[in-house]
Amino acid sequence: HATNFYLALLRDFDSSPQVGELRKRMDARITCAIASYHERVRRWVGERSAKAKENFASVLSAFVLPANPSALDRDGGAASEKARTAFSAEYTAFSSVKQGGTFTRRAVSLPAFTPDPVTQLAGDLRTQLWARSMENERAIQQLFKVAVSVVEEAIVHELSSSSGTLLSKARMAEVRKSAEKRSWETLDNQLSDHPWAKSVPLYRSSRALVQTEYLEARLNAFAAANEKRLASHFGIAVDRALAAYAANRSTIFMPATEADVDAKHTQMASASKQAMQQAAKELADTDAFGLALKRLVASLADAHSQLTDKNVELWKVHSDEATRCALHKNLEAEKKCRFLCWYNTVPWYHKATARRHLSECFAQSPTGQQMANPLRTRVFEMWYAKDMAREAAKVGNRFTVLFGLFAAILCGCLYLCHFRRSPAYAHLPPGGYYGQPQYSNFRPQAAQYQPQQQQQQQANFQFQECNPGPMSGQGMNLRRRTKYFGA
């Protein structure tokens, strides 16, 4: 149209048309128009893309956080796909309109986009959805954090109601069960507004955290404090029971028979154990009570042993006449031994003799006649361990010296006998150290001379056997040497 109009204008003028210059100017104007057109298209695409992202952001903001992660991903993905499809359809419809120029003989295309607007929009929508999911994840973590803190407070409150009191094993089990029930109920109540919360992985990890870090830790600390209080309580009870036993022990008149001492001890020990049982009451199933009872029984056993030893010591003191009589008989038995005898050499014989002497003296003593045989045995053991300790040590030392001397003599005799029986040169190789050939080249010669040496030694031996000589001792020694070397 422009070229025809130009030619029509110059039809009445005597001038040649410059169509080439006209086309150049038209191309320059068209190039500027195309650039402006491309800029407007880019702006339009940007506006439509921003509008789609805005609409998608409003869809995501409709989800109240914390929200169900599965629902957010599902609904957000559907909204993103819907927005991408709408934008793709609008962009495809716009790009299908063809605009061409007849003068320039070329079609005007859309500007080049890198990347494609639809692909770019899809990526931006996925980024928006991921950012909203991260915000939702942080909100869920904060939700569980608040719930766990509330559970911790509930556990502390549950245990504080029973703190400071002595609890048995049964009561401790009830407290543990109640605390566990209270903690799980509190956690579920905190998440009751979000039914989907029990299906997320964070719920299981939060339960494990509550179980290990809060519930078990608090219960273990509570149980340790309870055990400490129980140990202190039963320690005081044991001390009181032992103090009562010590106060009642002075009522036993000694020396007395072992039956009387045992009966009195049994009575006082039973009273102490009953006092311990009364102090325990419903706490008898605890470990602290078992340990305290064992300590009480061990202490009462030690007290009974001390009481028995004291009674035996008093009987020994009252049996002074019998012990002096036994010492006198021991001296007489020692005088009968000049240097060595069974009494002053063998420890168990010495002890048996002293026991027999004391028993004879008990039979002659009025005090000894009041004692039974087991009590006499205890008195003898104490008397022999204390009053006869020096004499018993002498006998033991003498026995050790004599036994060692006898063992040394016996070993010497056995060594000499063995030395006389074994040949003096049995350990030497045939031919002695220097007769053995040192190199393999001389082995045939050594084998050649060995039969001659053996024949000569056998002949000498037969000669000595037949002619022992005028002196039998020399002949015997010669035969022995010949036999050794012949071997």
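Here is a friendly walk through the structure above, from its helices to some of its side chains. Keep in mind that the model is predicted.

Let us begin with how some of the helices sit beside one another. Find helix α4, which covers residues 117–160, and helix α6, which covers residues 201–249. The axes of α4 and α6 are 10 Å apart, and the two helices pack at an angle of about 25 degrees. What does that angle tell us about the way they run? Angles under 35 degrees count as roughly parallel, and α4 and α6 are therefore roughly parallel to each other. Their crossing is right-handed.

Now look at α4 again, this time with α2 as its partner. α2 and α4 pack at an angle of about 25 degrees, and their axes are 10 Å apart. That angle makes α2 roughly parallel to α4. The crossing of α2 and α4 is right-handed.

While you are at α4, pick out Glu137, a residue of this helix. Glu137 counts as partly exposed because its relative accessibility is 33%. How far apart in space are Glu137 and Ala67, which are separated by 70 residues in sequence? From C-alpha to C-alpha, the distance between Glu137 and Ala67 is 8.8 Å.

As background, most peptide bonds are trans, and most residues other than glycine have a negative phi. With that in mind, turn to Leu65 and Pro66, which are joined by a cis peptide bond with omega about 0 degrees. You will find Pro66 in the loop between α2 (19–61) and α3. Another cis peptide bond runs from Thr114 to Pro115, where omega is near -5 degrees. Pro115 has its place in the loop between β2 (106–108) and α4.

Lys281 is worth a stop for its phi angle. Lys281 is not a glycine, yet its phi is positive, at about 55 degrees. This residue belongs to the loop between α7 (258–280) and α8. Is Lys281 buried or exposed? With a relative accessible area of 65%, Lys281 is exposed.

From the backbone we move to charged side chains. The model has 20 salt bridges by the rule used here, which asks for a side-chain nitrogen of Lys or Arg within 4 Å of a carboxyl oxygen of Asp or Glu. One of them brings together the side chains of Arg84 and Glu81, at 2.8 Å from N to O. Where do these partners sit along the chain? Arg84 and Glu81 both belong to helix α3 (residues 69–95), and because they are 3 residues apart there, about one helical turn separates them. Arg84 has a relative accessibility of 25%, so it counts as partly exposed. Glu81 is also partly exposed, at 39%.

A second salt bridge is formed by the side chains of Asp387 and Lys316, at 3.6 Å from N to O. This pair links distant parts of the chain, as Asp387 and Lys316 are 71 residues apart. Asp387 lies in the loop between α12 (373–386) and α13 (389–421), while Lys316 lies in helix α8 (residues 287–318). Their surroundings can be compared through their accessibility. Asp387 counts as partly exposed, at 38% relative accessibility, whereas Lys316 is buried, with a relative accessible area of 10%.

Our next pair takes us to helix α10. Arg356 forms a salt bridge with Glu360, and their closest N and O atoms are 3.8 Å apart. Because Arg356 and Glu360 are 4 residues apart in this helix, about one helical turn lies between them. Arg356 is partly exposed, with a relative accessible area of 43%, and Glu360 counts as partly exposed at 33% relative accessibility. This pair is also part of a network, in which salt bridges that share partners join Lys329, Arg356 and Glu360.

Our last stop is Tyr349, which is found in helix α10 (residues 347–364). Tyr349 has a relative accessibility of 39%, so it counts as partly exposed. Which residues make up the nonpolar surface patch of about 450 Å²? The patch is made by Tyr349 together with Trp342 and Trp348.

Conventions: Residues numbered from 1 in each chain as written. Predicted model: local features only at pLDDT ≥ 70, side-chain atom pairs only at ≥ 80, totals over all residues. Heavy atoms only, no water. Patch = residues over 30% accessible without salt bridge, like charges linked within 9 Å, V, L, I, M, F, W, Y side chains within 5 Å. Areas by Shrake-Rupley, 256 points an atom, 1.4 Å probe, with all protein chains shown as cover. Buried < 20%, exposed > 50% of the residue type's maximum accessible area, 1.4 Å probe, protein only. Axes fitted to C-alpha atoms, helices over the stretch in contact; angles between N-to-C directions. Parallel < 35°, antiparallel > 145°, perpendicular 65-115°, else oblique. Left-handed = near helix turned anticlockwise from the far one by under 90°.
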